[in-house]
Amino acid sequence: CPSAADPLPDCRTAEPGQLCEGDGTCGTREDINNCYHPFHTYQPTRDVYRKRSGTTTTVTRSTRTTTTLSTLTTLTLTKTTTTSTTTPLVFRTTSGGGRKWTLAGPCQVKGGCLESPNYPSSYGSNESCAASLPAFSVITIDDFHTEKYFDYLSINGYRYSGFGSKILKGTSTALWSNISWSSDGWNAGNQTHGQLRWRICVEQPVACTDGLDLIPVSIPDCPSAAD
């Protein structure tokens, strides 16, 4: 990240390889919060991208409306900082959606989306997995329907459970922590609640009309306090 006070250009006018400030244009987000502003208040509130170097092209991007996880009030939400598993997880790396997933357990990545085991059918009992993406990747919750209070999906340190596909579907957030999943010893899918499953998709990098991808930066790359 740049130093907290470094002024940055907007991503439309930034040069290839240059840091820029996300302001909602070119598909950039204003809720990534990956770098500090001049007053260093907790938590970071700036949204800093780096424009990828390369040859510019002319592209047309459609606008999209997203709902962030922070605005959801009807989901079961419990703060957690640990993930327990019954068996050791062995991590593997796979690519999808233009981003590299690190994955352990029976969950699977298809076409850039992380899916619960056996998706689109119900997941099983006593299952657990963990996954991560490069810091501040943007994810969208494409499907969410779990056994409430018993089977949990953890995103950015918060646990979600319940029959929230209509509530959670289409919401998106910047990912800064691991994703983890666990189910209990009894699977009620197909019997009382239909298919129990979830699906998380990583969004493709955004770009301005020059066609150069805008990638959220990690904290060490934030601008200096004077920029």
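1. Rings of Phe, Tyr and Trp (for Trp, its six-membered ring) are taken to pair if their centres lie within 6.5 Å, with planes under 30 degrees apart counting as stacked, over 60 as edge-to-face and the rest as tilted. By this rule the count comes to two aromatic pairs, and Y123, W181 and W198 form one aromatic cluster.

2. On provenance, this is a predicted model, in which local features need pLDDT of at least 70 and side-chain atom pairs count only at pLDDT 80 or more, whereas totals for chains, interfaces and linings use all residues. Residues are numbered from 1 along each chain as its sequence is written, and side-chain values use heavy atoms, with hydrogens and water left out.

3. The protein has one helix and 17 strands, where helices (H or I, at least four residues) and strands (E, at least two) are DSSP runs numbered from the N terminus. Of its 227 residues, 49% count as buried, buried meaning under 20% relative accessible area, exposed over 50% and partly exposed in between (1.4 Å probe, protein chains only). With contact defined as heavy atoms within 4.5 Å, residues 24 or more positions apart account for 71% of the contacts with a separation of 6 or more.

4. Returning to the aromatic residues, Y123 and W181 form an edge-to-face pair, at 4.5 Å centre to centre and with 70 degrees between the planes. Because Y123 lies in the loop between β8 (113–115) and β9 (128–132) while W181 belongs to strand β14 (residues 179–182), the pair ties together parts that are 58 residues apart in sequence. Y123 is buried at a relative accessible area of 1%, and W181 likewise counts as buried at 1%. The rings of W181 and W198 have centres 5.6 Å apart and planes at 55 degrees, so this pair is tilted. It links distant parts of the chain, W181 in strand β14 and W198 in strand β15 (residues 197–202), which are 17 residues apart.

5. A nonpolar core is here a set of buried Ala, Val, Leu, Ile, Met, Phe, Trp, Tyr and Cys residues joined through side-chain atoms within 4.5 Å. The largest such core has 22 residues, of which L114 and W198 touch the most other members. The elements that give two or more residues to this core are β6 (99–104), β9, β10 (137–145), β11 (152–155), β14 and β15.

6. Four strands form an open sheet in the order β1-β2-β17-β16, with antiparallel pairing; two strands pair if DSSP finds at least two bridges between them. Strands β1 and β16 (206–207) stand at the edges, each with a single partner strand, so one side of each is left without a neighbour in the sheet. Strand β2 (residues 48–51) and strand β17 (residues 213–216) pair over three bridges, and the bridge partner of R50 in β17 is I215.

7. E21 lies in strand β1 (residues 19–21), and its C-alpha atom is separated by 5.1 Å from that of D10, 11 residues apart along the chain. The side chain of E21 makes a polar contact with the side chain of R46 (2.7 Å), a polar contact being a pair of N or O atoms within 3.5 Å, where, within protein, one must be able to donate a hydrogen and the other to accept it, and residues adjacent in sequence count only if both atoms are side-chain atoms.
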